[in-house]
Amino acid sequence: EQVKSKFPLCETNDVLAGFYVSDDGRVNPTDATMALSKGARMNDAQIFEGVSVSGVTKSRSVLSREKNRALAEIPHVTGITLSNGKEIRANTVVNCAGMWARQFGEQCGVNIPNQAAEHYYLITDSMPEVDPSWPVIEDSSKAVYIRPEGGGLMLGLFEWTGAPWGVGAVPNDFSFGEIEPDWDRMAPYLEDAMKRVPSTVHVGAKKFFCGPESFTPDNSPIIGEAPELRNYFVAAGLNSIGILTGGGIGKVLAEWIEGRGQTPNNADVTCINIDRFHKYQGNIGYRSDRVGEALGNTYRIHYPDHSPKTCRGVKKSALHERLKGRNAFFRDVSGWESPAWYAHKGSPVVEKESFGRESWFPNWEAEHRACRENVALFDMSFMSKFLVKGNDAGSFLNRLSTANVNGEDGVIAYTQWLNEHGYMEADLTVTKIDETTFLVVTTDTMHNHVFTHMRRRLSSSDHVFLSDVTGAYTQINLQGPSSKDLLQMLTSQNLKQFPFR
């Protein structure tokens, strides 16, 4: 009854309950743009119209010194070039180019794997009974939002599997362009959406619009300083909610820039940081296959153990086939096929996703108890691994670490890395193999973050070589109170005094 009172045309016979957000609202995009530009000009910003940015200029030079040590030369931005042939010098460049961000970033080697997809909405003819003050109706079961618009109603559609558009490149002159609608594909979605407001069936359609909207592989925005190029920042891939998230993203990005590339210390930006992405996620095949699923996730229920279905089966550890033979259920972990749990017999099946205990919980419980009470083996090959070699490798890593990692050979040291302000940047282990060879192991989500942290802190005089060896090694973790007993069966070395932690 309350839903009906807020939106009288809404069909509620099949609705159990609704959630009302009293401070939600709508904004005219044109008015919002003009207000932002006015505020920018009031703070001495300059806005150039009728011209586009054609490229970014960059240089390799020493940007700063660290305790009288000249840091190694790394690529950094020096400005932009314009389509009219002019150039603007700048210490910082921010790529906010929306669905063009990826191809613009590619010009200077920056990986921004957002991809445009078809996005639809229908605007009905005038409906006198519609009150423009009605709230927006969102129905995730039908992948639609409905709101007053132009005297009628707008039905915004998010199909369960979207269609990629402009995979090769988005035309530079496509601003405010339209795509020919695919009526056959969208008709079932439109019919289902109209069931939520049945009166829309009896009025004409003023406009059925199809235009591109960009989405990211994990449905989170791409924000922060590019690992490939110093002082090149990105704010793109907002997944159709740019108006909603723009204010917060602008604040975070401003603090990021003011912090000279240090991630903000008052917010966890791990899940939006541009450095979470890998190069393979920018290739045409990956973007084309994943974007349809990403668009479909907009109105799907986000279960905690859900794993992507597209772009799977590419990165497998050396143990993959053996684990598959033991009925492993694999999930996507930074592109790697990683076992989540094992079926007792037959092929593993997730019967139904849930926020509570799922059908496979008894299997997981048995594995948990085996690890807690006995011993368990984990394939952790998805962990990021970096080989650090050279005469100065030990002193270099000690300089980055809060613990002493340059002790005896053959020791694994658990440590943290901090930034110049004393805030944590990474949590990892450093293994000293010998005097000039070390192995750094960190979580998969910090792969580029850790590698960039090392690369940007090398001095021009350091005799240090960095290599990404993640795919070269399988990582096996053995855990549980009986792990030492199992290891003892495999070696003649006495493990009784072996220092386990």
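A residue counts as buried at under 20% relative accessible area, as exposed at over 50%, and as partly exposed in between (1.4 Å probe, protein chains only). This is a predicted model, so local features need pLDDT of at least 70 and side-chain atom pairs count only at pLDDT 80 or more, while totals for chains, interfaces and linings use all residues. Residues are numbered from 1 along each chain as its sequence is written, and side-chain values use heavy atoms, with hydrogens and water left out.

Now for the rings. Rings of Phe, Tyr and Trp (its six-membered ring) pair if their centres lie within 6.5 Å; planes under 30 degrees apart are stacked, over 60 edge-to-face, and the rest tilted. The structure has 13 aromatic pairs. In one of them, Trp165 and Phe174 sit 4.6 Å centre to centre with 45° between the planes, a tilted pair. Trp165 is buried at 17% relative accessible area, and Phe174 is buried too, at 15%. Tyr303 and Phe355 also make a tilted pair, because their planes are at 45°, with the centres 5.0 Å apart. Here Tyr303 is partly exposed at 22%, whereas Phe355 is exposed at 60%. Ring pairs also tie Tyr120, Trp183 and Phe208 into a cluster.
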